[in-house]
Amino acid sequence: MPHSTPRLIPLRDFFRNPEQTSFRISPNGEYLSYTAPYEKRMNVFVEKRGELGAGNAVRVTSETDRDITTHGWKSETIIFTRDFDGDENFHLFSANKDGSNTRDLTPFPGVRVEIVDELQEVENEMLIGLNNRDPQLFDVYRLNVVTGGMQLIAENPGGVTDWVTDHTGAVRLAIQSDGVNNIYLYRDREGEEFRPVLSLSFRDILGPLFFSFDNKAIYALSNLGRDRLAAVKYDIANAKELEVICEHPEVDLAGMEYSRKRHVLTTITYVTWKKQREFLDN
């Protein structure tokens, strides 16, 4: 058979925006949101479930300078982030699902927002980090996405790069880093002062995933006392490993999931020649 020359793929195909991506389902299950191009920029669209592709999409945002890359739902409100002229000081915005009432929830010049916890089980509220007090430090605030009201929950004492909440949405654990060592700061309940409970070098890893369902311990990926990351249950208040949930004989574990409805562990993920899952629940 004659050998045909393969078709050249245009360079623009590798860099063009997808037709639709980043699908999210509303909490009541009735709507789907996604990002798609508008005026060559990615914007947020909403369609009613079962009508995808029927031509009834509502464009929620109309950005023409920068793509919207992050969005989601909070109750019946669309939440998204955007910066201004590429300054990377991202603000958090809200809008109704019909595109009305777009609002900047963090209207502070030169300040960047981070999402700490979406608080999926708390209506209209989420936890955010803001560096409005110090450009290098993010403090945690409880934000009402309807009223725009904020309450300071945890002030960064310096060097805290990660905050961990329990299942009630209380900030209970902070990880403080100097770039080499990590110090774990813990408190039994919100309103108390954080206290150091564990210090680890850069060689040792204890990566909190989420609190146990009684909010007394954490589930984490840990290489403490072993040469690979294993999924463990860890008493962070007393710096003591309680139980090994799962470990792989050859590779690090990559994550663990749970059922928010039933409060049981469901899956372990890891990567060998491809991403794999180990099921913990029938």
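This report describes strands, sheets, pockets and aromatic pairs in one predicted model.

## Basis of the description

The model is predicted, and local features need pLDDT of at least 70, side-chain atom pairs count only at pLDDT 80 or more, and totals for chains, interfaces and linings use all residues. Residues are numbered from 1 along each chain as its sequence is written, and side-chain values use heavy atoms, with hydrogens and water left out.

Strands here are DSSP runs (E, at least two residues), numbered from the N terminus. Two of them pair if DSSP finds at least two bridges between them. In general, the strands of a sheet pair through backbone hydrogen bonds, either parallel or antiparallel.

F45 has R59 of β4 as its bridge partner.

β9 and strand β10 (residues 125-134) run antiparallel and are joined by four bridges. The bridge partner of D117 in β10 is L127.

β5 and β6 form a hairpin with two residues between them, and S75 in the turn has a positive phi of about 55°. Four bridges connect these antiparallel strands, and K74 stands opposite T77 in β6. On to β7, β6 makes six bridges, and this pair also runs antiparallel. Here T81 stands opposite L92 in β7.

β6 is mostly covered, with six of its six residues buried (buried means under 20% relative accessible area, exposed over 50%, and partly exposed in between, with a 1.4 Å probe and protein chains only). T77, I79 and T81 point one way from the strand, while I78, F80 and R82 point the other way; all are buried.

## Aromatic pairs

In general, two aromatic rings are described by the distance of the centres and the angle of the planes. Rings of Phe, Tyr and Trp (its six-membered ring) pair if their centres lie within 6.5 Å; planes under 30 degrees apart count as stacked, over 60 as edge-to-face and the rest as tilted.

The whole structure holds nine aromatic pairs. F23 and Y34 have ring centres 5.3 Å apart and planes at 35°, so this pair is tilted. It links distant parts of the chain, with F23 in strand β1 and Y34 in strand β2 (residues 31-38), eleven residues apart. F23 counts as partly exposed at 36% relative accessibility, whereas Y34 counts as buried at 3%. The pair of F80 and F93 is stacked, at 5.4 Å centre to centre and 10° between the planes. F80 lies in strand β6 and F93 in strand β7 (residues 91-96), 13 residues apart, and both are buried. F210, F213, Y219 and Y258 form one aromatic cluster.

## The largest pocket

Pockets are found on a 1 Å grid over the protein atoms alone: a pocket is an open set of points where a 1.4 Å probe fits, with protein on both sides within 12 Å along at least five of seven lines, and lining residues have an atom within 4 Å of a point. Grid points are joined across faces, edges and corners, and a volume is the space filled by probe spheres set on the points.

The largest pocket has a volume of about 590 Å³. Of its 26 lining residues, D117, T165, F210, Y258 and R260 lie nearest the centre. β9, β13 (160-165), β17 (206-211) and β21 (253-259) each supply at least two residues of this lining. The lining has 13 nonpolar, six polar and seven charged residues (Ala, Val, Leu, Ile, Met, Phe, Trp, Tyr, Cys and Pro count as nonpolar, Asp, Glu, Lys and Arg as charged, and the others, Gly among them, as polar).

## The second largest pocket

The second largest pocket has a volume of about 410 Å³. It is lined by 20 residues, and G72, W73, K74, E118 and Q120 are the closest to its centre. β1 (21-25), β5 (71-74) and β6 (77-82) each supply at least two residues of the lining, and β5 gives the most, with four. By class, the lining of this pocket has ten nonpolar, six polar and four charged residues.
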